[in-house]
Amino acid sequence: MPAATVLPGQIVRPKLADDSPLYPDYMPHYDPLEKVEDIGEFEHYDAGHRADPTFPNLLKGDAQVLDLSPHVGTEIRGVQLSQLNEAGLDELALLAAKRGALVFRDQEFGNIGFEAQKKIVRHFGPLHIHGWAPHPKAGSDEHMVIYDHKDDLRVRKSWAGRSPVQWHTDQSPESQPPGTTFICMLESPSAAGGDTLVSSSVQAYKSLSPRFRKRLEGLTAIHANGDGVAQELKNGEKAVLRRGVLQAEHPIVIVHPVTKEKALYVNPVYTKKIVGYDQEESDCILGFLFDHIAKRADFQCRIRYEAGTCLVWDQRVTNHSQTLDYPVGERRHAFRLTSLANKPIPALVEEDDGECAKDEMRTQLNLC
Ligand SMILES: [Fe+2]
């Protein structure tokens, strides 16, 4: 493959001269014999409940705040995640719930070691262990390694022949799915690429007409990860399957336990069928909702990563997707730590909840 032209003055990401990884301890390790027990039911008290809504511990001193789009995504400068006290972490949970996704640059988080990293993310809930994705070579079952390089094209090959852009919330078929989640970038493709797309599920819900929103409230849908398991089984004897197929029934409209905002809780990767609807009816409604999430760039943002960038996001109020748009063979290396949260809370069905009257745009246009 010919090397891409580097323009005078072009900024490229750091790479070692021999193309070895910047973080060898975090190289992916696959153990086909590894098994893990389900975590089981647990009581969740969201860290955001304890947070001071003026964010005095998170946004202090030189902190700068830059919204990436009106409805989702905020970049925060001048804050080190690894230095936050417990009150600062509570405020982090609340701000992630409000803004969906938070981006922090030049973080020490990737250099503080597995145990210190896990201690921080455990603040938000018990840590998830992925059913098939790799762990770091140096050990830690809760770390999920994200790795793509010419020496390990396992992930890249799994996307061959289909779009890598797949909107989802991680592991929604868990009975208590993920909440506050961290991705820490260790090494990015040299020029650009590998961004994460994020969509606000709160705005996805709000932007539907009030009558359609009421139609969705009270419905539940089946979430299952059988497709992911089937894809992993294609690796034959090297396939890693720590747990069986997961399936759960969740409300289609949920309420965030702290902000009380309603959010659309479906995604095209895991949501399979609306309970009580015939298959064609379910396919039609879910197909519309999946399109709605994918096409509405007016409530999406895009996260660009440098080495040391951490993304902290709340999976209950967002969907996200990878991009996989950089040249095949380039190294992209990150890890994810995922806290599990509450059982999804159904939105109440209200005959007249006044939502339409609160929507200035709709009242101006006489749409209520
Ligand atoms: Fe994901």
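Modeller: Helices are DSSP runs of H or I with at least four residues, strands are DSSP runs of E with at least two, and both are numbered from the N terminus. The expected span of a helix is 1.5 Å times one less than its number of residues. This is a predicted model: local features need pLDDT of at least 70, side-chain atom pairs count only at pLDDT 80 or more, and totals for chains, interfaces and linings use all residues. Residues are numbered from 1 along each chain as its sequence is written.

I take helix 1, residues 86-99. At 1.5 Å a residue, its 14 residues should span 20 Å. The C-alpha atoms at its ends are 20 Å apart, which agrees. Gly100 follows the helix, and its phi is positive, near 85°.

Now its surroundings. A residue is buried if 20 or more other C-beta atoms lie within 10 Å of its own, exposed if 12 or fewer do, and partly exposed in between, with C-beta atoms placed from the backbone. By that count helix 1 is mostly covered, with 12 of its 14 residues buried. Among them are Leu89, Leu92, Leu94 and Leu95.

What covers them? Contact means that two C-beta atoms, placed from the backbone, lie within 7 Å. The cover of the buried residues includes helix 2 (114-122). It also includes strand 3 (74-77), strand 4 (101-104), strand 7 (178-187) and strand 15 (310-314).

For directions, axes are lines fitted to C-alpha atoms, for helices over the stretch in contact, and angles run from 0 to 180 degrees between N-to-C directions. Helix 1 lies across strand 3, strand 4, strand 7 and strand 15. It runs at about 70° to strand 15. Helix 2 packs on the sheet too, touching strand 7 and strand 17. The direction of helix 2 makes about 40° with that of strand 17.

Next, the sheet itself. Two strands pair if DSSP finds at least two bridges between them. The sheet is open and has 7 strands, in the order 2-3-4-15-7-17-6, with mixed pairing. Strand 2 (64-67) and strand 6 (144-148) stand at the edges. Each has a single partner strand, so one side of each is left without a neighbour in the sheet. From one strand to the next, the twist averages 20°. Strand 7 and strand 17 (residues 332-340) run antiparallel, joined by 7 bridges. Pro178 has Leu340 of strand 17 as its bridge partner.

Step back to the whole protein. It has 9 helices and 18 strands. Of its 368 residues, 40% count as buried. Its C-alpha atoms fill a box of roughly 65 × 50 × 45 Å, taken along the principal axes. The radius of gyration is taken over C-alpha atoms, and the globule rule is 2.2 Å times the number of residues to the power 0.38. A compact globule with 368 residues would come near 21 Å; the protein has 21 Å, which agrees. Among contacts between residues at least 6 apart in sequence, 84% join residues at least 24 apart.
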